[in-house]
Amino acid sequence: MSLRTSRMPREPLRRRSLTDASAVTFGSLEPVALPVLATPQRPGVPLTMWVRSNGDLVREQLHQHGAVLFRGFDEGADALRPVVEAVGGDDALAYQDGATPRSELGDGIYSSTEYPADQTIEMHNESCYSWSWPRILGFACALPSETGGQTPLADSRKVLRRLPADLVARLERHGVSYVRNYSPSVGIPWRDALGCDESGLDAYAERTRVRVERIAEDHLRTEAVRPAVVRHPDTGEWVWFNQATSFHLSTIGNELATELLGQVGPARVPKTSRAGDGSEFTQAELDAIRSAFAEESTAFDWQLGDVLVVDNLLASHGRAPFTGKREIRVAMAAAADWQDVEARPAQAATHAQDSTITQTNGERR
């Protein structure tokens, strides 16, 4: 008579070793400090499975550095969506309330912003002009450009510390106003941007805390006032989280801005920003913000198959001009809105400000 011991099937040792934390190491992307570089330590490490098994470790690195670049994995750009979902903890998000053109590539994946290749996209935090925005961004390189095309990054904590105290206090007190004008043949059609038709405008305004004005039959204007400095929900650190410069008309350059103003007039420019009290930014203020970004920005050259994960609150991003074809894919996860974060009150204030200072139909909430 033979005796057999019943055992549960075990995961093969090799497979377990490939998803162990030690299968991937984090190091510096010399000479760039941001992002931190994550590379496999042995052949065949499955990026998607590894991130699913080690999500806490990835989030720890994100909280410390703001961005993680996964390089040298066999899955390459195909890992983008599952990696972003594993880090964010939920399904990939749809790109809504868009202020820049993108193409939907399917399955929760989008093209990066489709601006002309010879233009720079200024540093910004994704969709922070909206009521809701992603906490986690993912980028993947399906085709690197011939030259240029980097996605520069800047630590939002360090940017804040570089800014003049009076400028920070002004925007802490008033927030940033994002103004968009929708006219025929200028910018993105409002039905595409807002995701509704005429009958849904009131509901859109209420849901997103946006003031909507019908200026003329062919002219719709929206204005949203959002905080400029917020506390990261996990790390507790204050971060510069806005698009004061990248949303401003001057972001397209003085020559193009002058030409656009001549064509449509100041009341119909597709988008611009100002302080939340309605006052315009001075040139000195815009210069100070751009200077802080320039001091803190770092960039790396994309390699085929790279996957970059960014904490949208802790790091801003942009795009350098490029030549040749370029395909950088984008995915987003972990939806948040302005009720999920605390806005920092102005240092001169005597009481704490409401953490969701926004505007709906001219009213404060």
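Biologist: Which side chain does R344 meet in a salt bridge?

Modeller: Please keep in mind throughout that this is a predicted model. As a general idea, side chains of opposite charge can pair when their charged atoms come close. In this structure the side chain of R344 meets that of E172 in a salt bridge, with 2.5 Å from N to O. R344 lies in the loop between β20 (342–343) and β21 (359–360), whereas E172 belongs to helix α6 (residues 165–174), so the pair ties together parts that are 172 residues apart in sequence. R344 and E172 are both buried.

Biologist: Where in the chain do D306 and R71 lie, given that they too form a pair?

Modeller: The side chains of D306 and R71 meet in a salt bridge at 2.6 Å, again taken from N to O. D306 is in the loop between α10 and β16 (307–311), and R71 is in the loop between β3 (67–70) and α4 (80–88), which places the partners 235 residues apart and makes the pair a link between distant parts of the chain. D306 is buried, and R71 is buried as well.

Biologist: How should I read a nonpolar core, and which residues touch the most other members of the largest one?

Modeller: In soluble globular proteins, nonpolar side chains tend to be buried together. Here the largest nonpolar core holds 53 residues, and W240 and L308 are the ones that touch the most other members. Helix α10 (residues 283–296) gives the most to this core, contributing 5 residues. There is also a second, separate core of 28 residues, with L47, V68, I136 and A331 among them. If we follow L308 and leave aside its neighbours within four places in sequence, its contacts include P35, A67, V68, L69, F300 and W302.

Biologist: What does burial tell me about a helix, and which residues of α3 are buried?

Modeller: In helix α3 (residues 55–65) the buried residues are G55, V58, Q61 and L62. They cover an arc of only 125° around the axis, which puts them on the same side of α3. D56 and Q64, on the other side of α3, are exposed. Just after the helix, G66 takes a positive phi of about 100°.

Biologist: Why does Q61 count as buried, and what is it in contact with?

Modeller: Q61 counts as buried because its relative accessibility is 10%, and buried means under 20%. Apart from neighbours within four places in sequence, Q61 is in contact with F26, V36, G66 and V68.

Biologist: How many residues of strand β10 are buried?

Modeller: For a strand, one looks at its two faces in turn. In β10 (residues 176–182), 7 of the 7 residues are buried, so the strand is largely enclosed by the rest of the structure. Both of its faces are covered, with V176, Y178, R180 and Y182 on one side and S177, V179 and N181 on the other.

Biologist: Which strands pair with β10, and in what sense?

Modeller: β10 pairs with strand β12 (residues 219–226) in the antiparallel sense over 7 bridges, and T222 of β12 is the bridge partner of R180. β10 also pairs with strand β15 (residues 271–275), again in the antiparallel sense, over 5 bridges.

Biologist: Finally, what share of the residues in the whole chain count as buried?

Modeller: Of the 365 residues of the protein chain, 53% count as buried, and the chain has 10 helices and 22 strands. The chain exposes about 17,100 Å², of which carbon and sulfur atoms supply 48%.

Note on methods:
Residues are numbered from 1 along each chain as its sequence is written. This is a predicted model: local features need pLDDT of at least 70, side-chain atom pairs count only at pLDDT 80 or more; totals for chains, interfaces and linings use all residues. Side-chain values use heavy atoms; hydrogens and water are left out. Helices (H or I, at least four residues) and strands (E, at least two) are DSSP runs, numbered from the N terminus. Buried means under 20% relative accessible area, exposed over 50%, partly exposed in between (1.4 Å probe, protein chains only). Accessible areas come from the Shrake-Rupley method with a 1.4 Å probe; for residues, only the protein chains shown count as cover. A nonpolar core is a set of buried Ala, Val, Leu, Ile, Met, Phe, Trp, Tyr and Cys residues joined through side-chain atoms within 4.5 Å. Contact means heavy atoms within 4.5 Å. A salt bridge is a side-chain nitrogen of Lys or Arg within 4 Å of a carboxyl oxygen of Asp or Glu. The arc is that of the directions from the helix axis to the C-beta atoms. Two strands pair if DSSP finds at least two bridges between them.
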